[in-house]
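The sequence and the model are shown below and should be kept in view while reading.

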Amino acid sequence: MRLNQMGYYPNAVKKATYVTAKDKEAMEFNVVDKDGKAVYTGKSVPVGYDKNAGEYCHIVDFTSVKTPGTYTIVMDDEKNVSRDNLTGDICKKYISHEFKIGDDVYDGVLGNAMNYFYQNRSGSAVEEKYITSGDKKALAHEDVNKQDIAYVQQYWWKKWRLSSEAKNDVELDVSGGWYQADDYVKSVQYGGGALWLLQNMYEMSKASGTDSKWADGKTMTIPDSYKVSGGKDISCKDSPDILDEARYELEFMFRMIVDPEKDPIWGEKAADLVYDSVVYSSQLPTPYVPMDYIGISDYRSPSRVVNPPSYAATLNMIACAAQASRLWKGIDDDFSKECLDHAKKSWEAVMKHDEDIVANVDPNTTNPFCAPIGVLYYDNFDITDDAYWAACELYATTGDEVYYDYIRNCKNYVLSRDGEKERGENIAFRVPFYAQSYDVDELMTSFDSFNKTSCGSLSLYLSDKTPKDDKEIIKKNLLAVADKYIEVENDLTVDKNAMGIPYKKVGFYRMYGSNWPSDYGYDYGSNSRVTNNAVIMSYAYDATGDGKYLNGAMQAMDYIFGRNGLGFSYVTGCGSYHVNAPTSEYWIYDVDRRFPKAPDGVMVGGPCSPLYDNYVRMTGLKPYEDPSQKCYADAVEAWSVNSSSPDWQAALAWNMSFLEDKGAKAPEVNTNTTTATTTATTTTTTATTSGVSSTTTLTTSILSEPPEYGDANCDGKVDMGDVVLIMQALANPDKYGVGGTDKNAFRVQGWNNADVYDKGSGVTTNDALAIQEFLLGKVKELPVAAAK
């Protein structure tokens, strides 16, 4: 049984997925309390084979159970058992893990999730008294780089360079900030994504009137003060803990601002821009702990290097500093002013290069302020979204029309697969459904560390300075995208999304120069796509109060905490069967008993179909061939599926904070239908190949919205475009059917709209013909009855 192992809020939609080795008919199930009493009996809905999960699946809906308590689900399938070859124990697969229903299902998760940032600080010792979970004594340690001294480089430091190539002419103290999971990297771009989410989390709490939970020691546990090498004493008393933790990263960003007095390499031509990242001069194995750190004093660690300043890093700092300025106002006015001063000064500096910013859309650019291929897995070739985001934050803080003019006129740039750079759409007030990426196609997420349009639009939505009409445009765009995520979650058609995940496979361009993807699957950090998309649905709930959006966000978290192809919680310490060994340079107990296990509350990146690392490939999994949700291994060395990252972790924390504020107050769900937003119909189709007739059954999820008969592509009118889409979907359902890979693929509502011939019989060529006859006037209205 695949379910949320943490549990469900009383009024929430409650779904689990039962998996079987073979296709089976609907079966009865009981929800059983801790005393063994059946409190609810229902019947599963079979949906067939879920390609992504690699299982035959049944939807188990027990939304009607609302009484707080501890439960299990027992299926009427007692033959579904297996024996453990090592212990001889019998595993009763027809009985679920225990789970809770109540207002406190996520108690403690937010605090542990936030403690991740404290334990990944650079430049500070991690003290036992501030650790919230795990073996606190073992987790406490001195920082590997007590003083993070690094050397500014004239060229971008790619992973295949030799350590001996590093120049050591210009030395900087870059202590502070948060480490990435591997190589002790500190990236302003990754840090910017995390920092925005933490600060936005506080801003959302403030708007909801729940910001008191961030008072000293209430939710988080951090030091009352700190001093990073070469810096000033910073007090954390009487200021929100979440802002104090965010400030730790922001102070690092300020150290990364190019100072002409300290840097003769970049100082003259890049003053007030921001260095991109800090890395080791040699590529390190995973895991890696410097030998001198564990007592081998004659071993010398490779030097640390600072990558050149970049437009993207500069815009990330500007956006986060401007955002911080308005949040710190009235708490620490001097720091608020410092933040805004840095943001304005660097904005003026980067705007001198405004025409050059578009050069970043070319992965082969020679522009020195653009990160080339081979640096930190960056894939950020269009940074107009970063500029838009920075302008949005500056406007939300200052109300200055100069920034708003930039926002209104901001357009993205698109690089086609044949290398042609084209001016794209105006991105003002948009909330994208797909993110741009050079290496993958159809990346279904609204934002990530390299796609920040949504971040800017959401900040404008929260701002009291944004004109009402423009705020309504943002709201409309937000709801449209949230509706699409809900459609995907409840889509039981082509790929049969039985796990209810608001994400689908992407296309990978493996062949150099190819204009079409060669493989499909989940991309690196797929779990972060789920949590980021949950943020969008949460905003939609905040904007409307419509429970379908809150349930959409909660269903996304169901996937993270166990309702997935492996029945596995991707957060350490959370659930009956959870990740234990996230990739880390210090939490490496599995490979070296001198070091600790990971603390609780750490979310890992999750399934990744390319299986980039050697460890996960050696398990026998096959890249792109095995079901996407099976492409995972819980091991420290399996970095491509088991890494964590500050930006991914921040999205987990954001969702935990929002659900803590809103989940217990969720509107009650109407339980008259099998699911909250869909009802299921079954269509039988027959295909004949080489004289052999085969019949397949397709379970189709239909939205409760009334159909606009004939409008298959949901563009508000009935025309030949609808006929073409039907024929494309029937010929190539993987691409154009519901959940298909093409951006113009069927939506669930469109599939319902297209069923116009013998309504309820399913979509066939007869429906395309009926629409054509309607357009020619041969049929007066749709739908039409079947010919007798």
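This is a predicted model: local features need pLDDT of at least 70, side-chain atom pairs count only at pLDDT 80 or more; totals for chains, interfaces and linings use all residues.

A residue counts as buried when its relative accessible area is under 20%. By this criterion strand 5 is mostly covered, with 6 of its 7 residues buried.

**The chain as a whole**

The chain has 788 residues, of which 60% count as buried. Its secondary structure comprises 20 helices and 25 strands. Among contacts between residues at least 6 apart in sequence, 68% join residues at least 24 apart.

Strand 5 covers residues 55–61, and its antiparallel pairing with strand 1 extends over 6 bridges. Its pairing with strand 4 is also antiparallel and extends over 5 bridges. Strand 4 and strand 5 form a hairpin with 4 residues between them, and Gly54 in that turn has a positive phi of about 70°.

Which residues stand opposite Cys57 in strand 5? Val19 is one of them, and Gly48 is another.

**A mixed sheet**

A further open sheet has 5 strands in the order 11-10-17-16-12, and its pairing is mixed. Here the edge strands are strand 11 (171–173) and strand 12 (186–187), and each pairs on one side only. Within this sheet, strand 10 (residues 149–152) and strand 17 (residues 304–306) run parallel and are joined by 3 bridges. Tyr151 stands opposite Val305 of strand 17.

| Strand pair | Sense | Bridges |
|---|---|---|
| Strand 1 and strand 5 | antiparallel | 6 bridges |
| Strand 4 and strand 5 | antiparallel | 5 bridges |
| Strand 10 and strand 17 | parallel | 3 bridges |

**Helix 8**

Helix 8 (residues 384–398) consists of 15 residues. From its first C-alpha to its last it reaches 21 Å, close to the 21 Å expected at 1.5 Å a residue. Is helix 8 enclosed or exposed? Because 14 of its 15 residues are buried, helix 8 is largely enclosed by the rest of the structure. Just after helix 8, Gly399 takes a positive phi of about 75°.

**Helix 3 and helix 10**

How do the axes of helix 3 and helix 10 lie, and at what angle do they cross? The axes of helix 3 (residues 188–208) and helix 10 (residues 453–462) come within 12 Å and cross at roughly 20°. Angles under 35 degrees count as roughly parallel, and helix 3 is therefore roughly parallel to helix 10. The crossing of the two helices is left-handed. On the side of helix 3, the contact is made by Trp196, Asn200 and Glu203. On the side of helix 10, Cys455, Leu458, Ser459 and Leu462 take part.

Notes. Residues are numbered from 1 along each chain as its sequence is written. Side-chain values use heavy atoms; hydrogens and water are left out. Two strands pair if DSSP finds at least two bridges between them. The expected span of a helix is 1.5 Å times one less than its number of residues. Buried means under 20% relative accessible area, exposed over 50%, partly exposed in between (1.4 Å probe, protein chains only). Axes are lines fitted to C-alpha atoms, for helices over the stretch in contact, and angles run from 0 to 180 degrees between N-to-C directions. Angles under 35 degrees count as roughly parallel, over 145 as roughly antiparallel, 65 to 115 as roughly perpendicular and the rest as oblique. A crossing is left-handed if the near helix is turned anticlockwise from the far one by less than a right angle, and right-handed if clockwise. Contact means heavy atoms within 4.5 Å.
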